[in-house]
Amino acid sequence: DTFSTVCHTLTQTSSHQVLICRNYKGDVDMSEIDHFFTLLMQQEEEGLLCPVMSHGNVHFLWIKHSNLYLVATTNKNSNASLVYSFLYKLVEVFTEYFKELEEESIQDNFVVVYELLDELMDFGFPQTTDSKILQEYITQQGNKLEVAKTKVPTTVTNAVSWRSEGIRYKKNEVFIDVIESINVLVNANGSVMSSDIVGSIKLKTMLSGMPELRLGLNDRMLFALTGDKGKTVTMEDVKFHQCVRLSRFESDRTISFIPPDGESELMSYRINTHVKPLIWIESVIEKFSHSRVEIMVKAKGQFKKQSVANNVEIRVPVPSDADSPKFKTSTGHAKYVPEKNLVVWSIKSFPGGKELLMRAHFCLPSVENHETEGRPPITVKFEIPYFTVSGIQVRYMKIIEKSGYQALPWVRYITQSGGELQLLIQTRNSVKLACGPSDVCL
C-alpha cells in the first residue's frame, strides 16, 4: 500500500497556514488541504474530532503535535496503521534533529526538512526512517550537506539498515532496561474496575563491529509470548524492533538480533490481567458546615518489604474555593497547588508494607454547592526499581562478534505508575463525608 501526499505540516493558529507540503505521487491536488481546514474547524465546533476525515474521494489522516498538524492525504484505501506509524515516525525524526518540533523549528530548517522528507519516503513508500542513519548524510550544517550528498552510507542499502559499519568502542557494554507501567482504576468501593501492564525492553548498546545478540527470557515470559494460556497470562500487542529475526523466534523462541547503536526499544507488550494496586489509598473527608474541610489520606505499600517505591506523588483533589491550607504528614511533605485544585503529597522513599498518613485542613467560604462540583480521582505516581509485576526476567544475553571481544551486559528492572492509576472518590450528601477505600493508583 502507498499513500499519496504526506506531511502537510500546519500551524494550530486560526489562519491555518501550510508550512511544508510534499507531494510524492501527484495524484492528489495540492489545494485539497484547504478542505482539511474546513472539516477540522467544523468538527472542533461540534466537539467530535475524528482522526480520519474525507472530502470527496480524498482522505485526510492527521495527528497533532505541539502547535502543528501533520496531515497525510490519499485517494486510495491505504493502510491506516502504516500512515499513522509514518506520521509518528516523522515527529520522532524531526525531534531528534531539532530538539523541539514546533512552527519555529520548521521555519528555521526548511532545507533540512525537505531533505528528510525526500529520504523518509519515495513515491508513497516509506524508506529510511532511522534518525541515526539519516544523521550520517543529512546534516544541519549547510557546508557539510553538499559533501554528504556525494557519499550516501552503505547502511541505507544494506540488509542491516539500522546499524552502520565500522563502529568502535574502547569498552563494550550493553545496558538492558525492563520497564513496566501499571494502569489501575479503582472505584469508590475499593473494587478494581480495570487494570493492565504495559511493558518494554529497552537497550543502550555500546558495542564495536557488527555483533549478534541473543536474549533469553524466563519460561513464564516465553509461554506468554507464544500464547500458551495453560502456562501463564498471555501477552498482547507484542511488538519487536525490526532488528529481531522473527523467523528465528518463531522456530526456537530465541530473540536474536543485530542491535542498533545507542538507545533503542527492543520490544514492547501489554498484559491485560488483574493487578493488585501496589500503593493502596484510603481517604476520609470531613466537612464542617460553612467553615472548613479536613481530608485524611492513608497510603499503604502493597509490595514486598525488601522493595522501595521512589519519588511517590499522591495527588488529592480539593474544592475549588478552598484556602488557608494546613498539613501534617507522617513522612514526606504536602503542598497545595491552587491552580489545579490539588494537594500533592510527595514521598521520596516508600518502603513496602509501610502505612503512611497525611492530614490536610482547609477553610471554606461555603460548602453548600460543593457536592455538585464533581470529584476527580486521586492519582498516584511512583517508581519501584529491581521489581516487575509480570515476573519477566532476563536469563541471559549472549554477545557474538567475529573479533571475539568480551562485553558486559547490565540489566535493570523498573515498575512505575502508568497514565491511568486512579482512585474514584465517593461523594455522599452529608456534612461529615467519609470516603471508603478511595482511589488507588499504581
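**Figure 1. Arg 163, a buried residue without a salt bridge.** In this predicted model, Arg 163 is buried yet takes part in no salt bridge. The nearest side chain of opposite charge belongs to Asp 261, at 4.3 Å; the pair is not counted because a salt bridge requires a side-chain nitrogen of Lys or Arg within 4 Å of a carboxyl oxygen of Asp or Glu. Arg 163 is located in the loop that runs between helix 6 (142-150) and strand 8 (173-186). Backbone oxygens supply contacts to the Arg 163 side chain: that of Leu 207 lies 2.6 Å from one of its polar atoms, and that of Pro 259 lies 3.0 Å from a polar atom of this side chain.

**Figure 2. The largest pocket and its lining.** The space in the largest pocket amounts to about 1,200 Å³. Its lining consists of 38 residues, and those nearest the pocket centre are Lys 89, Glu 92, His 241, Ser 264 and Glu 265. Sorted by class, the lining comprises 15 nonpolar, eleven polar and twelve charged residues. Several elements each contribute at least two lining residues, among them helix 5 (131-137), strand 9 (192-206), strand 13 (262-271) and strand 23 (408-423). Helix 2 provides the largest share of the lining, with seven residues.

Figure 3. Side chains of opposite charge can pair when their charged atoms come close. Here the side chains of Lys 89 and Glu 92 form a salt bridge, with an N to O distance of 3.1 Å. Both residues belong to helix 2 and are separated by three residues, about one turn of the helix. Lys 89 is classed as partly exposed because its relative accessibility is 24%, and Glu 92 is likewise partly exposed, with a relative accessible area of 41%. Lys 89 and Glu 92 are also among the residues nearest the centre of the largest pocket.

**Figure 4. The salt bridge between Glu 212 and Arg 245.** Glu 212 pairs with Arg 245 in a salt bridge whose closest N and O atoms are 3.5 Å apart. Glu 212 lies in strand 10 (residues 212-217) and Arg 245 in the loop between strand 11 and helix 8 (246-252), so this pair ties together parts that are 33 residues apart in sequence. Arg 245 is partly exposed, its relative accessible area being 32%.

**Figure 5. The salt bridge between Lys 298 and Glu 282.** The closest N and O atoms of the salt bridge between Lys 298 and Glu 282 are 3.8 Å apart. Because Lys 298 is in strand 15 (residues 292-301) and Glu 282 in strand 14 (residues 279-288), the pair ties together parts that are 16 residues apart in sequence. Lys 298 is partly exposed, with a relative accessible area of 27%, and Glu 282 is also partly exposed, at 30% relative accessibility.

Figure 6. Most residues other than glycine have a negative phi. Asp 237, which is not a glycine, has a positive phi of about 50 degrees. This residue is part of strand 11 and is classed as exposed because its relative accessibility is 53%. Asn 341 likewise has a positive phi, near 55 degrees. Asn 341 is situated in the loop between strand 18 (333-337) and strand 19 (342-351) and is partly exposed, with a relative accessible area of 25%.

Figure 7. Val 318 and Pro 376 are 58 residues apart in sequence, while their C-alpha atoms are 9.0 Å apart in space. Val 318 occupies the loop between strand 16 (308-317) and strand 17 (323-329) and is buried, with a relative accessible area of 7%. In the second pair, His 65 and Glu 102 are 37 residues apart in sequence, with a C-alpha to C-alpha distance of 7.8 Å. His 65 is found in strand 4 (residues 58-65) and is partly exposed, at a relative accessible area of 27%.

Note on methods. Residues numbered from 1 in each chain as written. Predicted model: local features only at pLDDT ≥ 70, side-chain atom pairs only at ≥ 80, totals over all residues. Heavy atoms only, no water. Helix = DSSP H or I, 4+ residues; strand = E, 2+ residues; numbered from the N terminus. Buried < 20%, exposed > 50% of the residue type's maximum accessible area, 1.4 Å probe, protein only. Lys, Arg positive; Asp, Glu negative; His and termini not counted. Polar contact = N/O pair within 3.5 Å; in protein donor to acceptor, adjacent residues only side chain to side chain. 1 Å grid on protein atoms, 1.4 Å probe; cavity = no way out; pocket = protein on both sides within 12 Å on 5 of 7 lines; lining within 4 Å. Points joined across faces, edges and corners; volume = space filled by probe spheres on them. Nonpolar A, V, L, I, M, F, W, Y, C, P; charged D, E, K, R; others polar.
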